[in-house]
Amino acid sequence: MYGYMGTILRVNLTDGRITKKPLPEDLIRDFIGGRGMNSKILYDEIKPGTNPMGPENKIIISAGPCNGTIVPGSSRFTVSSKSPMTGLLGDSNSGGSFGAYIKYTGYDAIIIEGQSEKPVYLLVDDNQVQIKPATHLWGMTTREATRAIQRENADPDIYVISIGPGGENLVRFSNLITDLGRAAGRTGQGAVFGSKKIKAVAVRGKAGVKVAHPQALKKYVRILNKAWAGPALELKARLGPAAGWTRYVEYGMFATRNFQGGASWKRMREELDDYFVQQKACFACPAGCNHLFVVPKGPFAGAYGEGLELTTIDFGPKMGSEDLALVAELHALLDEYGIDYFETTTLVAFATECFEKGIIDRKDTDNLELKWGSPETAHALIDKIVRKEGIGAILAEGVRRAAKVIGKGAEELAMETKGQTFAGRDPRTSKGWGLGYAVASRGACHVRAHLPEAYAPETWDASVQSILKKYQDPTNPLTEEGKGELVKWHEDLVAVKNSIEVCLFAIYPWLIPSRSVPDALSEFYHAVTGIKLTVDQMLQTGERIINLERAFNIREGLTRKDDSLPKRLLTIPYPDGPAKGQVVHLEEMLIDYYQYRDWDEKTGFPRKRKLEELGLDRVAEDLAKMNCLAT
Amino acid sequence: MPKTVTDKCLIFHGDQCTGCKICELTCSMTKFNEYNPGKSYIRVLKNWELDVNIVTLDLKCDFCNRCVSWCPTMAIEFVDMAEAALLRKNNRIGTFPAPRIKSDSAAADRNEH
């Protein structure tokens, strides 16, 4: 077996049982690996109604076929379990080194079951798998825990994913941090770790990854690496995802003061260079879009971390702050605490708006005045959230649950879909992103479709050009027409990328001569595994994964009304900038989307013929039993 | 200038290295027909927190140059020893946080438990 290691490791924390089973071939054939494989295992093994924080939930940590090889951006890994945030399918992926080193331990996936009585961590050291005591690590931040695990095993070449105090205290949106500050950040995977009393998973291994066609692989990789070395891409590599900044400014996309209005926020961009120390690459990546950053001066001088990209900087405006030093310091702090910065900063913004509107007052905040853009407000609230003290105990449940508890109209200020908040791009300025948020299987998510809206049509994928031609102005972020079909296509592609476990960013159409990402993925996949999947088969695999995830969610009670956006984004016109006057016409995009998915327009349930076409006959039977299958 | 040594020397441009380990992957594939950083002759020592990468070279390296040709940031090159000596004279090494390495004695302790 090429590319794959051929073994799944299963660890039961209740009874300490450790088992190893061969990786089933049909699992690879139908779901590739990574996210796809995880979703299939979750569908098969997690009964509907399972408590996400109970012993019956399972954590699946998977690599894909390309991890550990030279495929550009093949550093990703996916952690999946039923989400404590959404009560639906939960997964989150991250870059760094951990994904490659799972493979070098000799496994494709690690499944963690049960619940430990005392804190433990899992050490996977080649063939030696140990559940080790972690009472001494409990209470440590993510970096402290990583350092301690490396020290007690006397090896800096041990790669760790760890929860911080957030996960230990069962803050619902807790995450897992690897390396300095790379996060499997969303859907509360850290809270599931915390509920099982597992602090960390550490891997070290000497197994090699063999590939089917090394020469062909090198040929394809060379093309992409050369593209990354080109001067045109220097900026992209230097600024990473922050290079998209100009579009945010141009279209006024930043969600400002809890999605109340737009602003350009140019100043932070100008200061950014002064914070970057050194370009930093994930494992095997030629782009190196990541950076070590440090706050150079002022009260937060010396706060350091990695990342500081567009989707982190944008949480400043969301909290009403244009202070890059505060944003950078919070970035480092939230990574140390191991809590998702999207949800955390939305909560700070939400609480501040509730305070502003008189929904909560000083009695609720331990006499603290909540102000927009105030470092004191942010620090005090974050501290309370992590400790679950005072109002923090309410906020630690995530913005949807917090708004329900607070009541008095707070629900309308909760910026979330399916119980999870958005990235910092306001959907009224980017309609396709709005649709992506509304339909994503893991709750609001900007990287499930990751539509390149606002980029020129010729930079979009070659395989999508025929779709673009059907519509008037489909790449314009302010139009709704065509977004249903485009979101569907891109969701399928992302599902494949997440399953091969390559970075969304490292393999982009403008880097490839053919400009077809599915084509490139097909070549990489064949060279690594020897398995030939045509472009159509590749995208169909993506579609299969999306449909299976939909079925998982429907089994948990999801209905069409869960594919929604908050009222604010649907009814209140955007106040200023190029998107002035815009609202999201979600309904017409949704109908369009369901049509291309072949899901029923009225119920949002998949049709029998679609599931059977995808080979999901048994899933169709399951849904039929629940009266949730469309004909 | 007479050449007294036929060996080459790996020159490392530390500020260009992004720590991606493509050199390690290339070496292990070239020499052992698998992607396995643990077997590579070229190794990147890291201070992972402060993003310092230092390259070291196993004595078994035969200067095949594959790692150099695959480095995406041109952070490494092989030169003659004489050229390396001159380069050494004309460059400072700079100031940086030290990488951490594996501890042999502690590893031995661990194995006893």
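Helices and strands are DSSP runs, numbered from the N terminus, with at least four residues required for a helix (H or I) and at least two for a strand (E). In the predicted model described here, Ser374(A) belongs to the loop that lies between two such helices of chain A, α14 (341-356) and α15 (375-387). Ser374(A) has a relative accessible area of 11% and therefore counts as buried, the cut-off being under 20%. The side chain of Ser374(A) also reaches the backbone nitrogen of Glu376(A), at a distance of 3.2 Å.

When neighbours within four places in sequence are left aside, the residues in contact with Asn93(A) are Arg76(A), Phe77(A), Thr78(A), Ala183(A), Ala184(A) and Asn498(A). With Arg76(A), the contact includes a polar one between the two side chains, at 2.7 Å. Asn93(A) and Leu558(A) are separated by 465 residues in sequence, and their C-alpha atoms lie 23 Å apart in space.

Helix α4 of chain A, which spans residues 142-152, contains the buried residues Thr142(A), Arg143(A), Ala145(A), Thr146(A), Ala148(A), Ile149(A) and Gln150(A). In an α-helix there are 3.6 residues a turn, so residues three or four places apart point the same way. The cover over the buried residues of α4(A) includes the strands β7 (120-125), β9 (159-162), β10 (176-178), β12 (198-204) and β15 (304-306), together with helix α13 (324-337), of chain A. Just after α4(A), the residue Ala154(A) adopts a positive phi of about 60°.

Chain B consists of 113 residues, of which 39% are buried. Its secondary structure comprises four helices and four strands, arranged along the sequence in the pattern β-α-β-β-α-β-α-α. Among the contacts in chain B with a separation of 6 or more, 57% are between residues 24 or more positions apart. The accessible surface of chain B amounts to about 6800 Å², and carbon and sulfur atoms account for 53% of it.

The two chains also meet at an interface, in which 31 residues of chain B are in contact with 43 residues of chain A. The size of an interface is often given as the accessible area lost when the parts come together. For chain B and chain A, the area buried between them is about 3200 Å², with 52% of it on carbon and sulfur atoms. On the side of chain B, the residues that lose the most area to chain A are Tyr35(B), Trp48(B) and Trp70(B), which together provide 26% of what that side buries.

Five salt bridges are counted between chain B and chain A. In one salt bridge, the side chain of Asp155(A) meets that of Lys102(B), at 3.7 Å from N to O. At least two residues of the side of chain B that touches chain A are supplied by each of the helices α1 (22-32), α2 (66-70) and α4 (104-112) of chain B. The largest share, four residues, comes from α1(B). By residue type, the side of chain B that touches chain A is made up of 14 nonpolar, eight polar and nine charged residues.

Definitions and conventions:
Residues numbered from 1 in each chain as written. Chains lettered and ligands numbered in written order. Predicted model: local features only at pLDDT ≥ 70, side-chain atom pairs only at ≥ 80, totals over all residues. Heavy atoms only, no water. Buried < 20%, exposed > 50% of the residue type's maximum accessible area, 1.4 Å probe, protein only. Contact = heavy atoms within 4.5 Å. Buried area = accessible area lost by both parts, 1.4 Å probe. Salt bridge = Lys/Arg side-chain N within 4 Å of Asp/Glu carboxyl O. Nonpolar A, V, L, I, M, F, W, Y, C, P; charged D, E, K, R; others polar. Polar contact = N/O pair within 3.5 Å; in protein donor to acceptor, adjacent residues only side chain to side chain. Areas by Shrake-Rupley, 256 points an atom, 1.4 Å probe, with all protein chains shown as cover.
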